[in-house]
Amino acid sequence: MTQKVNNWNFDALNETPDYLHLILRKLFSPFLSKFRIDLKTFYNFTRKCEYYYSRHGNPYHNFAHGVTVAHGGFHLLKSLECFEDILDDSLKFAFSRGCFGHDLDHPGNNNAFLISTRSSLAIRYHDESPLERHHAALLFKIILNLKGDKTKLLPNGDYLSNDD
């Protein structure tokens, strides 16, 4: 598995979802140990993300795509020395979470379509990047609704809710 993780040409589309969860565990392992996130909480997080990536049956914006982008982000962090000077571990973790969850619950249409059809997402987000806002909001919602110590998935107050 380490060989696949370290290979830029890793093809997530040819792997099973269970194996992709193991890949995610490997990609996120530095953060899991650094922020003391237990494997059960992380597994629940990735399983919930898998559900939202899969529920529309989208052939492109799916779970394998999320893993592929997380894998690409991993390689960027690893290979570009400039990140070492400007990003601490908390920001690298935020970047990695964002890479993985960037297309959660993608319906398979673009923003222009959602806006022109007056979809519920376009209305909710006032026609301002409804997909991107939905993906980000859902990522935070998934983390905040996890059982266990979800605050470790959001170190340093990455998200502060006015509702709490």
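This is a predicted model: local features need pLDDT of at least 70, side-chain atom pairs count only at pLDDT 80 or more; totals for chains, interfaces and linings use all residues.
The largest nonpolar core comprises 33 residues, of which Leu24, Leu27, Phe28, Phe45, Val67, Phe100 and Leu104 touch the most other members. At least two residues of this core come from each of helices H2 (17–34), H3 (39–54), H4 (63–79), H6 (89–101) and H9 (130–144). The greatest contribution is that of H2, with eight residues. Leu27 touches Val5, Val67, Ala70, His71 and Phe74, when residues up to four places away in sequence are not counted. In soluble globular proteins, nonpolar side chains tend to be buried together.

In helix H9, the buried residues are Pro130, Leu131, His134, His135, Leu138, Leu139, Ile142 and Ile143. Their cover includes H3 and H6, together with helix H7 (111–116) and helix H8 (120–124). H9 has 15 residues and should therefore span 21 Å at 1.5 Å a residue; the distance of 21 Å between its end C-alpha atoms agrees with this.

The largest pocket has a volume of about 220 Å³. It is lined by 13 residues, and those closest to its centre are Pro30, Phe31, Phe74, Leu77 and Lys92. H2, H4 and H6 each supply at least two residues of the lining, and H2 gives the most, with five. By residue class, the lining of this pocket consists of seven nonpolar, one polar and five charged residues.

Key:
Residues are numbered from 1 along each chain as its sequence is written. Side-chain values use heavy atoms; hydrogens and water are left out. A nonpolar core is a set of buried Ala, Val, Leu, Ile, Met, Phe, Trp, Tyr and Cys residues joined through side-chain atoms within 4.5 Å. Buried means under 20% relative accessible area, exposed over 50%, partly exposed in between (1.4 Å probe, protein chains only). Helices (H or I, at least four residues) and strands (E, at least two) are DSSP runs, numbered from the N terminus. Contact means heavy atoms within 4.5 Å. The expected span of a helix is 1.5 Å times one less than its number of residues. On a 1 Å grid over the protein atoms alone, a cavity is a set of points where a 1.4 Å probe fits but cannot get out, and a pocket is an open set with protein on both sides within 12 Å along at least five of seven lines; lining residues have an atom within 4 Å of a point. Grid points are joined across faces, edges and corners, and a volume is the space filled by probe spheres set on the points. Ala, Val, Leu, Ile, Met, Phe, Trp, Tyr, Cys and Pro count as nonpolar, Asp, Glu, Lys and Arg as charged, and the others, Gly among them, as polar.
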